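Here is a friendly briefing to read alongside the model. Keep the sequence and the 3D view open as you go.

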Amino acid sequence: MTACETGGTMAERLVVIGGDAAGMSAASQARNRRGPDDLRIVALEKGFHASYSACGIPYLVGGEVGGVEDLVVRRPEVFRDEQAIDLRLRSEVTEIDLDRRAVAVRDHEEGRDYWEPFDQLVVATGALPSRPGLPGADTAGVYGVQTLDDGAALLRAVEADGAERPRAATVVGGGYIGLEMAEALVRRGLSVTLVEAGEQPMGTLDPDMGALIADALRRLGVEVLLGEGVTGFSASGGRVDAVCVGNRSVRTDLVVLGLGARPNTALAEAAGIPVGETSGIRTDRRMRTPVEGVWAAGDCVETFHLVSHRPVAIALGTHANKQGRAVGINIGGGYASFPGVVGTAVSKICEYEVARTGLNEAEAAAAGFEFITETVASTTRAHYYPGAREMRTKMIADRRTGRLLGAQIVGQEGAAKRIDTLALAVWHGMTVEEMTGLDLAYAPPFAPVWDPVLIAARKTAERLERLHTGG
């Protein structure tokens, strides 16, 4: 075991790789439970920023957020001065040596390499934006958006003046980040094309719900190309100038890749830390890897889906913070666990709010469920109250037991956060019949007398009853 002298006592050394949500949550929780004389904490972050909101990047690019620093949750000096955490920016870990119990670090500020020893290690390396293995994918002007540094680079590009000012943008991929970036670029005055290989955008929704999003994008002025894959990128003067879609070429000044993200596990794999079938690092419920003294948390890990009972890798700041908190509590001598996820997510695309939880139809089928679906149109408030907006709620229920397996919402203002009620029902394995009796708040400014959640539950329960009775 390696250790260092601090105040005449042997302080255990904790090294954290990654300075965002999971890594800094782990470091902070460990510090809250163990003082600097007992535990020395070094956090290594390869970028220029730590502890920031990556989910805010589309709103930074779109202009709703004033500047890059507005997305920083805690400045480095807070960790250093108030929590005695040795946070080192521009410090990239290039190797984990488990036998040596040390990590190799490249200090980009000082231009030097060194080894940092550890007794316990937290791997919080996050995720990497998926880049297609296509000609020209690494050309200048093709942006992935995963870190705040990525967002800052894209912001500089859209704010360029004169001849450098972009006028046309292409977003490749119609997932959450792709759609949010398409809206952001429209807000910046660019002509935007969205290319999605699937039947509809927002592939985590069922196609009938995704079609509503495609319509909203078109009304915003986005050219939406569905069922078409990108075959390459062409360049002029060293920068991208077109995207090849099938047999045609879409002229563009910049490209944003919205193809999702994959766990960033190259360091862990090279060191022999096991990864699972989703390519995320394997951990137990306490976020311990199979390697003694090595923990992992955040977008780089594989977690457990509480409905499908299958491993999943879901990149969300909510999970990263909870997992990092569990790691820090455990390192600090307490007990905490991360039980798993039900796949809840929410987003805003144009005037539409979009949300989902549990399983969609394809996921339910893959998990072996026999299920029914019910989609209900309703309003966010009493129909006579000013500001009532349309929304659709779709439920997926187990045909035999009536258990709610998943739900999706697409609607206007006031719709999406109802997914939290549905997520709680999925989490606790409620049936749709049980849900019809939920005591939900009612007043005309907030909901109709029958909340959309209750309407959808009742309609689904009635359909199940007809199926079971043969009516």
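Strands pair here if DSSP finds at least two bridges between them, and the elements are DSSP runs numbered from the N terminus, with helices being H or I of at least four residues and strands E of at least two. This is a predicted model, in which local features need pLDDT of at least 70 and side-chain atom pairs count only at pLDDT 80 or more, while totals for chains, interfaces and linings use all residues. Residues are numbered from 1 along each chain as its sequence is written, and side-chain values use heavy atoms, with hydrogens and water left out.

**Around strand β25**

- On another pairing, β25 is joined to strand β24 (residues 371–379) by nine bridges in the antiparallel sense.
- In that pairing, V376 stands opposite T393 of β25.
- Strand β25 (residues 390–398) is mostly covered, as seven of its nine residues are buried; buried means under 20% relative accessible area, exposed over 50% and partly exposed in between, using a 1.4 Å probe and protein chains only.

**The parallel sheet**

- An open sheet is built from five strands in the order β10-β17-β11-β12-β13, with parallel pairing.
- Each of β10 (142–144) and β13 (223–226) has a single partner strand, so these two stand at the edges and one side of each has no neighbour in the sheet.
- Neighbouring strands of the sheet are turned by 20° against each other on average, direction ignored; axes are lines fitted to C-alpha atoms, for helices over the stretch in contact, and angles run from 0 to 180 degrees between N-to-C directions.
- β10 meets β17 through three bridges in the parallel sense, and Y143 stands opposite V256 in β17.
- Strand β11 (residues 168–172) also pairs with β17 in the parallel sense, over four bridges, with T170 opposite V255 in β17.
- Which way do the residues of strand β17 (residues 254–257) point? L254 and V256 point one way, V255 and L257 point the other way, and all are buried.
- Strand β12 (residues 191–196) runs parallel to β13 and is joined to β13 by four bridges; V195 stands opposite L225 in β13.
- Helix α6 (residues 207–220) packs on the sheet and touches β12 and β13, its direction making about 145° with that of β13; contact means heavy atoms within 4.5 Å.

**A loop residue beside the sheet strands in sequence**

- T139 lies in the loop between β9 (127–129) and β10.
- Its relative accessible area is 17%, so T139 counts as buried.
- Setting aside neighbours within four places in sequence, T139 is in contact with A235, G238, R239 and V240.

**Helices**

- The 13 residues of helix α1 (residues 21–33) should span 18 Å at 1.5 Å a residue, which agrees with the 19 Å between its end C-alpha atoms; the expected span is 1.5 Å times one less than the number of residues.
- α1 is mostly covered, with eleven of its 13 residues buried, including M24, Q29 and R31.
- For helix α8 (residues 317–331), the 15 residues should span 21 Å at 1.5 Å a residue, and the end C-alpha atoms are 21 Å apart, which agrees.
- Among the buried residues of α8 are H319, Q323, V327 and N330.
- G333 follows α8 and has a positive phi, near 105°.
- E462 lies in helix α12 (residues 452–469); its relative accessibility is 31%, so E462 counts as partly exposed.
- E462 and A54 are 408 residues apart in sequence, and their C-alpha atoms are 42 Å apart in space.

**Charges over rings**

- R100 lies over the face of W115, at 4.1 Å from the ring centre; a charge sits over a ring if NZ of Lys or CZ of Arg is within 6 Å of the ring centre and within 35 degrees of the ring normal.
- The charged end of R458 sits over the ring of W450, 4.6 Å from its centre.
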